[in-house]
Amino acid sequence: MNIGRLNTNGDARMWWKKVWKLTGKKKPSINLSEQGSDSKLEDSDAANMINTFFADLTNDFPEIQSRWSSYGHSDVLPTVTPESVAKKLLSIQSHKAPGPNDPYLKIIKMFAHSFAIPLANIFNASFGQKVFPKLWKEFRLAPIPKVEPCTNLDEIRPIALTSTISKIQESYVVDWMYDDIESKICPSDTI
């Protein structure tokens, strides 16, 4: 196989499969065992062990207050417009994986103008009620090995796949926060 034959018609998964074959790489594997044992765990036991390990990392985090506090500003937030939502939906990179509970990203992008009005209403209601939709807090966790072969839980990097729609809603908060602090940032501090 030569480089000229890597054409996969935009299919990223097929492209990586061919690149891995060309370079002789294999998908990384996770071979976990019980502490003190050399026998490999079954996949379901390894998944439960990884899940418990990453869940336990947050046990010492303080509980987030249910009420948002205001930082020197009124409680009036800017309004999210359907036009701005449509613009953000159209900028979605549809070749990436959708988050849990997200429809196929090409469909979101294709019907961006139809989804924009209801999503703008949901975003505005969410900001007004100071509640983030519970469904958008869900994520898929992909354990990615840091080293090969991976034999220890400390050698796993958790990659969380979150909802694309929640990322769009969060981007409004980031934009508003940046607008508030932009004048206070020294130009030499920017990246």
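A pocket, in the sense used here, is an open set of grid points with protein on both sides within 12 Å along at least five of seven lines, and its lining residues are those with an atom within 4 Å of a point. One thing to know before we go on: what you're looking at is a predicted model.

**Getting your bearings**

Let's start with the overall layout. The chain has six helices and two strands. If you walk along from the N terminus, the elements come in the order α-α-α-α-α-β-β-α. So how much of the chain is tucked away, as a percentage of its 191 residues? The share that counts as buried is 20%.

**The second largest pocket**

Now for that pocket. The second largest pocket holds about 830 Å³ of space. Its lining includes residues from several parts of the chain: α1 (12–23), α4, β1 (139–145) and β2 (156–162) are the elements that each give two or more residues. Which element gives the most to this lining? That's α1, with five residues.

In total, 20 residues line the second largest pocket, and the ones nearest its centre are D11, A12, R13, W16 and H95. Sorted by class, the lining has 11 nonpolar, three polar and six charged residues.

Take a closer look at R13, one of the residues nearest the centre of the pocket. R13 sits in helix α1. Is R13 buried or exposed? R13 counts as exposed because its relative accessibility is 70%, and the cut-off for exposed is over 50%. H95, another of the residues nearest the pocket's centre, is 82 residues away from R13 along the chain, yet their C-alpha atoms are separated by 9.9 Å.

| Pair | Apart along the chain | C-alpha to C-alpha |
|---|---|---|
| R13 and H95 | 82 residues | 9.9 Å |
| V173 and L77 | 96 residues | 9.7 Å |
| Q35 and N152 | 117 residues | 9.2 Å |

What about the surroundings of these residues? V173 is part of helix α6, and it counts as partly exposed because its relative accessibility is 32%. Q35 is in the loop between α1 and α2 (43–56). With 81% relative accessibility, Q35 is classed as exposed, because the exposed class covers anything over 50%.

**The salt bridge**

How many salt bridges does a search of the whole structure find? The search turns up one. In that salt bridge, the side chains of K88 and D175 meet, at 3.1 Å from N to O. D175 counts as partly exposed because its relative accessible area is 35%, which falls between the 20% and 50% cut-offs.

**A patch on the surface**

Y104, I107, M110, F111 and F115 make up a nonpolar surface patch of about 510 Å². Y104, one member of that patch, is found in the loop between α3 (82–90) and α4 (105–110).

**Two backbone angles to check**

Finally, a quick look at the backbone. Most residues other than glycine have a negative phi. N101 is in the loop between α3 and α4, and it counts as partly exposed because its relative accessibility is 47%.

K130 also has a positive phi, near 60 degrees, and K130 is likewise a residue other than glycine. You'll find K130 in the loop between α5 (112–129) and β1.

Note on methods. Residues are numbered from 1 along each chain as its sequence is written. This is a predicted model: local features need pLDDT of at least 70, side-chain atom pairs count only at pLDDT 80 or more; totals for chains, interfaces and linings use all residues. Side-chain values use heavy atoms; hydrogens and water are left out. Patches are made of residues with over 30% relative accessible area and no salt bridge: like charges are joined within 9 Å, nonpolar side chains (Val, Leu, Ile, Met, Phe, Trp, Tyr) within 5 Å. Accessible areas come from the Shrake-Rupley method with a 1.4 Å probe; for residues, only the protein chains shown count as cover. A salt bridge is a side-chain nitrogen of Lys or Arg within 4 Å of a carboxyl oxygen of Asp or Glu. Helices (H or I, at least four residues) and strands (E, at least two) are DSSP runs, numbered from the N terminus. On a 1 Å grid over the protein atoms alone, a cavity is a set of points where a 1.4 Å probe fits but cannot get out, and a pocket is an open set with protein on both sides within 12 Å along at least five of seven lines; lining residues have an atom within 4 Å of a point. Grid points are joined across faces, edges and corners, and a volume is the space filled by probe spheres set on the points. Ala, Val, Leu, Ile, Met, Phe, Trp, Tyr, Cys and Pro count as nonpolar, Asp, Glu, Lys and Arg as charged, and the others, Gly among them, as polar. Buried means under 20% relative accessible area, exposed over 50%, partly exposed in between (1.4 Å probe, protein chains only).
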